[in-house]
Amino acid sequence: MAARKILVLDRSEALADQVKAALAESDSPFELTSCLRVGTVGEVLEEEGPFDVLIAGPSLGTRSGLARLRLIHEELPAMSLVLAFSRRPDASLRDIVRTGAVDLLQLPVEDAELVEALDRAGSLADLARPAASAAVATTAPAATPAASGEDSGPGTLYTIASATGGCGKTFYATNLAYFLTRYTQKRVCIVDLDLQFGEVSTALRLRPKYTIFDALQREDTDESVLQEHIEEYCVQHETGVYVLAAPREPSEADRISPPDVTRILEAARQRFDYVIVDTPPALAETVLVAFDMSDMLYVMATLDLPSVRNMSVFLSTLERLKVPTENIRLILNKAESDVGIDIDQVTKLFPQGFESVLPSAKEVGGSINLAMPVMAASPTAEISSLMAGGMKLILPEALQSRV
């Protein structure tokens, strides 16, 4: 009997440790892989898949977590899904059912019950695999970027965040989008996730016909249809950057849930090479979805005591949320030498260092009046050069020398 391939997805290793210990005492051959972030599960599946069974732990017991599991199931219907939660998810029964889970375990669970559930899920995967293969063989491929000669993999997602307002998140997001558009010649979209008071459209002087809220009002429930049409809800800036605008009214923002955000970001990643998420200064559930899905998270602060202190608290919170430190980059904005705080003292407070330390610059005001990223309006300015020096690190090595 071939070894079962089992993937454990949870922010803690506790469930993976129990699964490993329980299976070691059974007669079932297995290969176990643990993944601590739902945002990286796609990479794990691509590198080590296919898996027979995915067992999702308590950290996925949220509406946004269930929405991610549903998307995984739709992509890989032959992989059996087992939910292992310590309490009933804060979601409707419909949300749970739509994940396609074949079993639901109540933690703590006995080893024997756990092994039995995994064996049953593995058997169901054996039955589902031929049917899934036949469906792939007889179904025409959907229209994706790959169909037009582009990379078929999901786009890279960068999120810009801060613990306090006024740190320049929208400023950095628009410049990062322009930078990637210019140097990669690929498709870049900014998703304005400041749902109540989004400023991306205002900063770029755009008049979007549609918003995130409009995209979510589509009556179809097929995720592939949203992916196919997501670009129609965006507006394009003259630099080539696409923008999916925030809702027009705060009341519309209140009707957007974390699973909705998951759907939007997944759809954007399927149609664009790079997705940049601008966020409000709040740890709302809708924002945490973006953090979880991000390939890289930029955290910004300005050179003042409240902002620096809140950045420290913010980073501690991210650590408790199991956001890997290697995926976080720090940006210090509006740094000046005569404001009563020494820049060197601030940088020493954060051992990981700042990817960029950006000064206040008159060119920024000029670019705002032009509704252009400062890197486009004043490419030779010091602030543009300093931003480019940090941003080029995310480019493929072959392109870094062009910056």
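Tutor: Contact means heavy atoms within 4.5 Å. This is a predicted model. By that cut-off, Leu180 touches Tyr158, Gln185, Val188, Tyr274, Ile276, Ile394 and Leu395, leaving out residues up to four places away in sequence.

Student: Which residues touch the most other members of the largest nonpolar core?

Tutor: Tyr158, Tyr172, Leu176, Leu180, Ile276, Tyr298 and Met387, out of 38 residues. Helix H6 (169-184) is one of the elements that give two or more residues to this core. The largest share, 9 residues, comes from H6.

Student: What makes Arg187 and Glu231 a salt bridge?

Tutor: The cut-off is 4 Å from a side-chain nitrogen of Lys or Arg to a carboxyl oxygen of Asp or Glu. The N to O distance here is 2.5 Å, so the pair qualifies.

Student: Why does this pair tie together parts that are apart in sequence?

Tutor: Arg187 lies in the loop between H6 and S7, and Glu231 in the loop between H9 and S8, so the parts they tie together are 44 residues apart in sequence.

Student: Why is Lys362 called exposed?

Tutor: Exposed means over 50% relative accessible area. Lys362 has 72%, so the label holds.

Student: And what is Glu363, its salt-bridge partner, called: buried, partly exposed or exposed?

Tutor: Buried means under 20%, exposed over 50%. Glu363 has 24%, so it falls in between and is partly exposed. The closest N and O atoms of Lys362 and Glu363 are 3.6 Å apart, within the 4 Å cut-off.

Key:
Residues numbered from 1 in each chain as written. Predicted model: local features only at pLDDT ≥ 70, side-chain atom pairs only at ≥ 80, totals over all residues. Heavy atoms only, no water. Core = buried A, V, L, I, M, F, W, Y, C linked by side-chain atoms within 4.5 Å. Buried < 20%, exposed > 50% of the residue type's maximum accessible area, 1.4 Å probe, protein only. Helix = DSSP H or I, 4+ residues; strand = E, 2+ residues; numbered from the N terminus.
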